[in-house]
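This briefing sets out selected features of one protein model. Please consult the sequence and the structure shown below alongside the text.

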Amino acid sequence: MQLGIRANLAQVLQQLLQVLLVGMTIGMMRNVVPALAESEFGLQRGSFMLLVAFVVAFGFVKGAMNFVAGRMAERMGRRRVLLLGWLVALPIPPIIWFAPSWSWIVAATVLLGVNQGLTWSMTQTSKLDITTPDQRGLVIGLNEFSGYVGVALAAVITGYAASLLGPRAGLLWFGGAVIGLATLLAWLAVAETLPWARAETRPGANAGKTAVRPRYPTGVSNEPGTREIFALMTWRDRRMAALCQAGLVEKFVDALVWVFWPVYLHQQGVGLPGIGWIVGVYGFTWGGAQFFTGKLSDRVGRQVLNVWGMWICGVGVLLFPLGAGSTWWSASAAVAGLGMAMLYPNLSAAVADIAHPAWRASAIGIYRFWRDLGYGIGGLGLGIAATLGGNLVTAFWFVAAAMFASGALLYHWGEETHPGLNPAS
C-alpha cells in the first residue's frame with residue numbers, strides 16, 4: 001500500500017469533500033439560530049446562561065464522541081464510524097423545523113455534537129493514514145481549510161436562505177440537502193483506510209525509505225489501553241498536555257464566535273446576511289489561510305506557529321468590541337481567523353508527529369476530546385463572564401485573556417515536534 005497524497009489522490013479528494021459537508025452541517029447552526037434565539041425560539045433577552053446552553057451541550061457531547069471515535073476507528077474501521085456519524089445527523093433539520101422552544105435546539109445540538117465528533121475525526125484520521133509523515137501539516141491544513149470554508153459558506157448561505165424562505169424553512173432545506181448528500185457519498189465513494197495504518201506498524205514497513213525519527217513518548221505499552229493513552233495525553237507527557245490545553249482554550253474563541261458574535265452584531269443593528277458575511281470573514285480567513293499554514297509548518301515547524309497563533313487570535317478577539325462598523329468588525333474577524341489558521345491544523349499535526357501509528361487514532365481522539373471540550377468549558381465561561389459583567393463585552397475580555405495565558409503555557413511546556421526538524425537522538 002502506497003502512502004502519499006498523489007498515490008491516494010481520489011480518496012484524499014473524497015475525504016476533503018466529506019469534511020466540507022461536515023463544516024457546512026455545523027455552519028448552518030452558527031448564524032440564524034443564535035441571532036434569532038429570542039424572536040424565533042422564545043429565549044428571553046439577557047438569558048446568557050440559557051443562550052450558551054446549546055454550545056455547552058455540543059462541546060461536552062462532541063468532546064466525548066471524539067474520545068470514543070478514536071477507539072472505535074481502531075476496532076471497526078474509519079468508514080463505518082464516518083457513516084454512523086452521518087446517520088445520527090439526519091434528524092437535525094426536522095427538529096429545527098418543528099422546534100417549539102429553545103430546549104429543542106439544545107437537543108438538536110446534542111445530535112450535532114455526535115455527528116461532528118464522529119465525522120470530522122474520521123476525515124482527519126483517514127487522510128493521516130494514507131499520507132506520508134512529511135505531508136501531515138499539509139494534509140491537516142487541507143482538511144481544516146475545507147471544513148472551515150464549509151462553515152463559512154453555510155453561515156452566508158443560511159443568512160440569505162432565512163431571509164428568503166424564513167429561518168426554519170431555510171435551515172430545513174439547506175440541512176437536508178447537505179446531510180443527505182454526505183450520507184450518500186460516505187456509503188458509495190469513501191474507502192476504508194485502516195489497512196494503511198496497520199501496514200505502517202509492520203516490521204520492515206519503512207525499509208528502503210528515508211528514515212524519520214519522531215520523538216515518541218517513552219514507556220508506552222505496545223498495545224496501550226484507553227486509560228494509559230488518556231493519562232499519557234493529559235499529564236504524563238508534558239508536550240501532549242501542553243497541546244491538549246491549547247486545543248481546549250482555543251475553542252473558547254470559536255464558542256464566542258458561534259454564540260455571542262451573532263447576538264452582539266444583531267444588537268448593533270446588523271441584518272442576518274450582514275452577520276453571515278462578518279462571521280464568514282472569520283471562517284474564510286481561518287479556512288483559506290490553513291491551506292498555507294499547514295504546509296508552512298512542514299518547513300518551519302509547528303511550535304512557532306502554534307504559540308504565535310494563540311496570541312494573534314487573542315488580539316483579534318480583543319479588537320472586535322473596541323470599534324464599530326462592518327469594516328472594523330470584519331478586520332477584527334480576519335485577525336482572529338488568521339491566528340486560528342496558524343494554530344489549528346498545527347496543534348493536530350504536532351500530536352500526530354509524536355503519536356505512534358499503533359495508537360495514533362486514539363491519541364488524536366483524546367486530543368480532540370480535550371479540544372472540543374473547550375466548547376463546553378468555554379461556553380460556561382462565556383455565560384458566567386457575561387452574567388457577572390452584565391453585558392456581552394465582558395465575555396470578549398475573558399476569551400482574550402485565556403488565549404494569551406494558554407499561549408504562554410504552550411511556549412514553556414511545548415517543543416518542536418516535526419521529526420525532520422527535531423528528530424529523536
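The model is a predicted one.

**Leu 165**
- Helix H7, which covers residues 136-165, contains Leu 165.
- Between Leu 165 and Met 403 the C-alpha to C-alpha distance is 39 Å, and the two are separated by 238 residues in sequence.

**Ala 400**
- Ala 400 belongs to helix H16, residues 393-413.
- The relative accessibility of Ala 400 is 1%, and because buried means under 20%, Ala 400 counts as buried.
- When neighbours within four places in sequence are left aside, Ala 400 is in contact with Gly 314, Val 317 and Leu 318.
- Ile 312 is 88 residues from Ala 400 in sequence, while their C-alpha atoms are 9.8 Å apart in space.

**Helix H12**
- Helix H12 runs over residues 272-300 and has 29 residues.
- At 1.5 Å a residue H12 should span 42 Å, and the 40 Å between its end C-alpha atoms agrees with this.
- Gly 301 follows H12 and has a positive phi, near 105°.

**Helix H4**
- Helix H4 consists of 12 residues, 78-89.
- From the first C-alpha of H4 to the last is 17 Å, which is close to the 16 Å expected at 1.5 Å a residue.
- The buried residues of H4 are Arg 78, Val 81, Leu 82, Leu 83, Gly 85, Trp 86 and Ala 89.
- In an α-helix there are 3.6 residues a turn, so residues three or four places apart point the same way.

**The second largest pocket**
- The volume of the second largest pocket is about 320 Å³.
- Its lining comprises 14 residues, and those nearest the centre of the pocket are Glu 74, Glu 223, Pro 357, Ala 358 and Trp 359.
- By class, six of the lining residues are nonpolar, two are polar and six are charged.
- Helix H3 (48-76) and helix H9 (194-200) each contribute at least two residues to the lining of this pocket.

Definitions and conventions. Residues numbered from 1 in each chain as written. Predicted model: local features only at pLDDT ≥ 70, side-chain atom pairs only at ≥ 80, totals over all residues. Heavy atoms only, no water. 1 Å grid on protein atoms, 1.4 Å probe; cavity = no way out; pocket = protein on both sides within 12 Å on 5 of 7 lines; lining within 4 Å. Points joined across faces, edges and corners; volume = space filled by probe spheres on them. Helix = DSSP H or I, 4+ residues; strand = E, 2+ residues; numbered from the N terminus. Nonpolar A, V, L, I, M, F, W, Y, C, P; charged D, E, K, R; others polar. Expected span 1.5 Å × (residues − 1). Buried < 20%, exposed > 50% of the residue type's maximum accessible area, 1.4 Å probe, protein only. Contact = heavy atoms within 4.5 Å.
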